[in-house]
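Subject: Structure for your review

Dear colleague,

Please find below the sequence and structure that I am handing over to you.

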Amino acid sequence: EALHPARYPVDQLMKIKAAVGIRDWEALYQQRPIPDGGAVFRQEWLEHVWLPKDLPARFDEILQSWDLTFSGSDTSDYVCGQVWARKGAQFFLLDEARGRWSFTETLHHVRELSSKWPLAVRKLVEDKANGPALLDTLKRELPGLVPVHPEGSKEQRAHAITALWEAGNVL
């Protein structure tokens with residue numbers, strides 16, 4: 001119910017909620033900065049899946065994205081490479097390679113994903129950890145390797161795209 005219905009009736013509040021999105025609504029209007037069901041991504045947003053029959057015949061864009069680490073030990077962070085495609089406003093996660101790999105194992109997986117997805121020519125590589133070494137090692141072998149310098153923390157970057165997930169644009 002509305003706290004001050006003369007000033008903000010429920011129908012107006014619902015329009016504001018739709019405009020600002022669930023994350024900001026929960027923080028600004030409900031005094032709950034972490035919405036039920038997830039701190040950044042809500043569980044129901046992650047349930048949008050695609051089936052092969054749902055994929056468009058052609059995509060507007062296909063790319064790879066790589067986040068690397070320094071070592072392949074059992075306690076190190078994961079290396080993660082993903083292939084993403086976009087058709088209009090829809091984003092499709094097509095493939096993923098993820099593991100705790102050494103540098104040479106990481107090179108193998110980058111080559112493997114590049115071979116499997118030749119249309120994903122643009123390969124974004126985070127220019128941290130083993131990123132510079134990978135870029136230097138593979139620059140004459142694989143086309144489209146692009147160093148990226150992400151701005152903000154991973155959490156800030158995740159919050160920046162929650163609207164895409166909330167709207168059902170990510171599959």
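This is a predicted model: local features need pLDDT of at least 70, side-chain atom pairs count only at pLDDT 80 or more; totals for chains, interfaces and linings use all residues.

Residues are numbered from 1 along each chain as its sequence is written, and side-chain values use heavy atoms, with hydrogens and water left out.

**The chain as a whole**

The protein chain holds six helices and five strands. These elements are DSSP runs numbered from the N terminus, with helices being H or I of at least four residues and strands being E of at least two. In sequence order, the pattern is α-α-β-β-β-α-β-α-β-α-α.

The C-alpha trace spans about 65 × 40 × 25 Å along its principal axes. The radius of gyration of the protein chain is 20 Å, whereas a compact globule of 171 residues would have one near 16 Å. That radius is taken over C-alpha atoms, and the globule rule is 2.2 Å times the number of residues to the power 0.38.

Of the 171 residues, 33% are buried. Here buried means under 20% relative accessible area, exposed means over 50%, and partly exposed lies in between (1.4 Å probe, protein chains only). Among contacts with a separation of 6 or more, 54% are between residues 24 or more positions apart; a contact means heavy atoms within 4.5 Å.

**The sheet**

Five strands make an open sheet of mixed pairing, in the order β3-β2-β1-β4-β5. Strands β3 and β5 (145–148) are at the edges with a single partner strand each, so one side of each has no neighbour in the sheet. From one strand to the next, the twist averages 20°. Two strands are taken to pair if DSSP finds at least two bridges between them. In general, strands of a sheet pair through backbone hydrogen bonds, either parallel or antiparallel.

On the antiparallel side of the account, β1 and β2 are joined by seven bridges, and W66 stands opposite G81 in β2. Strands β2 and β3 also run antiparallel, with nine bridges between them; C80 has R98 in β3 as its bridge partner. These two strands, β2 and β3, form a hairpin with two residues between them, and G88 in the turn has a positive phi of about 60°.

The parallel pairings involve β4. Four bridges join β1 to β4 in the parallel sense: L63 has R122 in β4 as its bridge partner, and W66 has V125 in β4. Strands β4 and β5 are likewise parallel, over four bridges, with K123 partnered by L145 in β5.

In β2, seven of its nine residues are buried, and in β4, four of its five residues are buried.

Helix α3 (residues 103–116) has 14 residues and reaches 20 Å from its first C-alpha to its last, close to the 20 Å expected at 1.5 Å a residue. That expected span is 1.5 Å times one less than the number of residues.

Which residues of α3 are buried? They are T106, L107, H109, V110, L113 and S114. These residues cover an arc of only 165° around the axis, which puts them on the same side of α3. The arc is that of the directions from the helix axis to the C-beta atoms. On the other side of α3, T104, S115 and K116 are exposed.

The buried residues of α3 pack against β1 (61–67), β2 (79–87), β3 (90–99), β4 (122–126) and α4 (131–138).

In α4, the buried residues are G131, L134, L135 and L138. Seen down the axis of α4, they fall within an arc of 100°, so they line one face of the helix. Their cover includes α3, β4 and β5.

**Residue N169**

N169 lies in the segment after α6 (162–166). At 15% relative accessibility, N169 counts as buried. Leaving aside neighbours within four places in sequence, N169 is in contact with A89, Q90, F91 and L164.

Yours sincerely

Note on methods: Axes are lines fitted to C-alpha atoms, for helices over the stretch in contact, and angles run from 0 to 180 degrees between N-to-C directions.
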